[in-house]
Structures are given as C-alpha cells and as structure tokens.
Amino acid sequence: MPVRPFLFRLFAAVALSAPTACATTAASQTEVGRLEAEVRTLRAAQASLVERLERLENRDAVSRARSVAPAPSASPATAASLATAKPQAAASEGGEALGMAPAELTVVRLKPKKEPAPRINTAVAVTEPDPDQMEMFISPVEGSSGTGSVSPARVSMEPPEKDPDILDAEYERAVAMLRTGNVEGGVETLTRFASENPRHPRADNALYFSGLGQMGLKDAAGAAKTFEKLIKNYPAGDAVQDGMLRLAECRVRLNQAVDARALYTRVVTQFPGTAAATQAEQRLAALSP
C-alpha cells in the first residue's frame with residue numbers, strides 16, 4: 001500500500017474530526033453551565049423552604065403553648081390538706097431513712113394581742129408669722145404707701161393659644177372655600193386667619209390666597225394692599241416671590257406700568273435663576289415700550 005495516499009487520508013480524517021471535537025467541548029461547557037445554574041436555583045429554593053419550615057414550626061409551637069389551659073387552682077381546704085400532708089410525708093420519709101419512728105406534730109394556735117396600737121401625736125401648734133419677717137417678703141406696689149397694703153395682682157387676659165391642628169384645619173377649610181366658589185367667604189376667612197395668627201407657618205400663604213381671591217373678585221386695589229402686606233411682613237416666606245409677581249399684575253390692572261416694571265425688575269435682581277425670575281423677565285419684556 002503506498003504511504004503517501006495513506007498519510008493524506010489520515011490527515012484529512014484528523015482535519016474533519018477537529019471541528020467536531022471543538023463543537024462537542026463547547027456543547028459540554030454550555031451544558032455544565034446550565035446544570036450549575038439549575039443547582040444554584042435548587043439550593044436557593046431549598047434554603048427558602050427550610051426558612052419557611054422553621055417559621056411554621058415556631059408558629060406551631062406558639063399556638064400549642066397558647067392552647068394549653070392553666071391548671072385549676074386548688075381550694076383552700078385542699079391546699080391546707082396538701083400542706084399538712086407534705087410535712088407528714090417528709091417526716092415519715094426522714095424517719096424511715098434514719099430507722100426512727102415519725103414524731104407527732106403539735107398544733108399551736110397563737111391569739112392576737114388585744115392591746116390597742118400606740119397613739120401618734122398629730123397636733124401641730126399654729127403660730128402667726130412675725131410681721132417684721134413678712135415685710136421682707138412683701139414688696140410695695142407702685143402707687144401704694146408701702147405700709148403693707150397690697151393691691152390685687154393684675155391677671156393677664158391674653159387668649160390661650162389655639163391647637164395647631166385646629167388652625168391647620170381652619171386654613172384648609174378657607175382655601176377649600178375659594179376652590180368651591182365661595183370666594184368672598186374664603187377671602188374673609190383667610191384675612192382673619194392671617195390677622196389672628198401672624199406667627200403661624202401658613203400666615204403668609206393665607207395672605208397670598210386672600211389676594212388671589214380679591215383679584216378674582218376684580219378688586220385689584222384690595223389685592224394690591226394684601227400683597228404689599230405679605231411682602232412687608234414675610235420677606236423670607238415661601239410665598240413672597242409669587243406675591244411680588246401678583247402685586248406687579250395688580251399694578252398693571254391699575255394702569256401703574258412704572259411700578260409694575262420696577263417690581264418685575266426687583267424679582268429678577270433679588271431672585272435670579274428662579275421660576276419667578278423667568279416669569280418676571282417675560283412680563284417685563286411684554287411691558288417694554
């Protein structure tokens with residue numbers, strides 16, 4: 001048999017089997033990866049089942065402990081008989097252990113004493129204070145002669161502070177009146193709220209919404225006064241920027257374009273980069289001649 005044709009056939013067979021071996025190796029690695037993923041999934045599921053089983057066992061143990069009813073309490077006669085029987089049994093056991101006969105117990109009854117309890121002296125002598133010492137503690141009131149006559153103290157009649165929850169509910173009710181169409185009632189309630197509670201966190205918002213209600217009622221002059229009060233009393237409040245924009249709008253409605261332009265310029269200068277400043281720039285451009 002010629003050697004060259006044989007070698008040629010051998011090399012061809014090796015070349016053809018090499019891709020098959022590579023494909024078989026790649027398929028085996030894919031299968032191993034898939035099996036490892038399934039094993040990890042099964043381990044996670046097993047751990048979850050074990051944890052759930054532990055919780056169920058704990059819950060079952062608690063339920064069984066709760067279902068056990070307490071033993072009925074013994075009656076006084078039964079308790080007394082048990083108390084008597086225990087010493088006798090202990091004595092008999094001790095006697096049997098020592099090889100001695102159990103001794104008989106003698107019942108001794110103690111009678112309470114009939115003597116009354118000792119008396120405690122609770123009487124305290126009452127003495128009037130020394131006038132000289134009283135003068136040291138009584139300060140003369142303005143307008144008196146200083147001889148000890150004291151005028152009645154003036155009692156502060158300031159109204160007590162309201163509950164914050166009640167005030168918040170009152171504020172929300174007033175805003176709801178504006179939204180439901182009762183604009184006049186809402187404006188009146190919000191104005192009174194801001195006047196009676198100037199230190200409340202929502203006092204500036206009450207003035208702002210009151211001014212909006214007045215604008216809705218076509219009362220530009222009244223709305224301008226409300227917004228001016230807002231800006232003056234609450235310069236650091238969260239409603240001051242919108243209040244300045246609304247005040248400028250009232251100035252436009254009152255044909256006071258110069259004042260409106262000054263307000264818009266103030267917003268742009270004082271609050272740069274804010275949404276209020278952007279609106280002020282747009283409205284300022286519309287007002288420019």
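Which residues are buried in helix 6? In this predicted model, they are Ala 203, Asp 204, Asn 205, Ala 206, Leu 207, Tyr 208, Ser 210, Gly 211, Gly 213, Gln 214 and Met 215. That makes eleven of the 14 residues, and helix 6 is mostly covered.

## The chain as a whole

Let's step back for the setting. The secondary structure comes to ten helices and zero strands, and along the sequence the pattern reads α-α-α-α-α-α-α-α-α-α. Of the 289 residues of the chain, 19% count as buried. The chain exposes about 23100 Å², with carbon and sulfur atoms supplying 59% of that area. Looking at contacts between residues at least 6 apart in sequence, 39% join residues at least 24 apart.

## Helix 6 and its cover

Just after helix 6, Lys 218 takes a positive phi of about 65°.

## Helix 5 against helix 6

Two packed helices are described by the angle between their axes and the distance between the axes. For helix 5 and helix 6, the angle is about 150° and the axes are 8 Å apart. Because angles over 145 degrees count as roughly antiparallel, helix 5 and helix 6 are roughly antiparallel to each other. Helix 5 passes helix 6 in a left-handed crossing. On the helix 5 side, the contact is made by Val 183, Val 187, Leu 190, Thr 191, Phe 193 and Ala 194. Helix 6 contributes Ala 203, Ala 206, Leu 207, Phe 209, Ser 210, Gly 213 and Gln 214 to this contact. An α-helix has 3.6 residues a turn, so residues three or four places apart point the same way.

## A look at Asp 168

Leaving aside neighbours within four places in sequence, Asp 168 is in contact with His 200 and Arg 202. Asp 168 and Arg 202 are 34 residues apart along the chain, and their C-alpha atoms are separated by 8.3 Å.

Key: Residues numbered from 1 in each chain as written. Predicted model: local features only at pLDDT ≥ 70, side-chain atom pairs only at ≥ 80, totals over all residues. Heavy atoms only, no water. Contact = heavy atoms within 4.5 Å. Buried < 20%, exposed > 50% of the residue type's maximum accessible area, 1.4 Å probe, protein only. Helix = DSSP H or I, 4+ residues; strand = E, 2+ residues; numbered from the N terminus. Areas by Shrake-Rupley, 256 points an atom, 1.4 Å probe, with all protein chains shown as cover. Axes fitted to C-alpha atoms, helices over the stretch in contact; angles between N-to-C directions. Parallel < 35°, antiparallel > 145°, perpendicular 65-115°, else oblique. Left-handed = near helix turned anticlockwise from the far one by under 90°.
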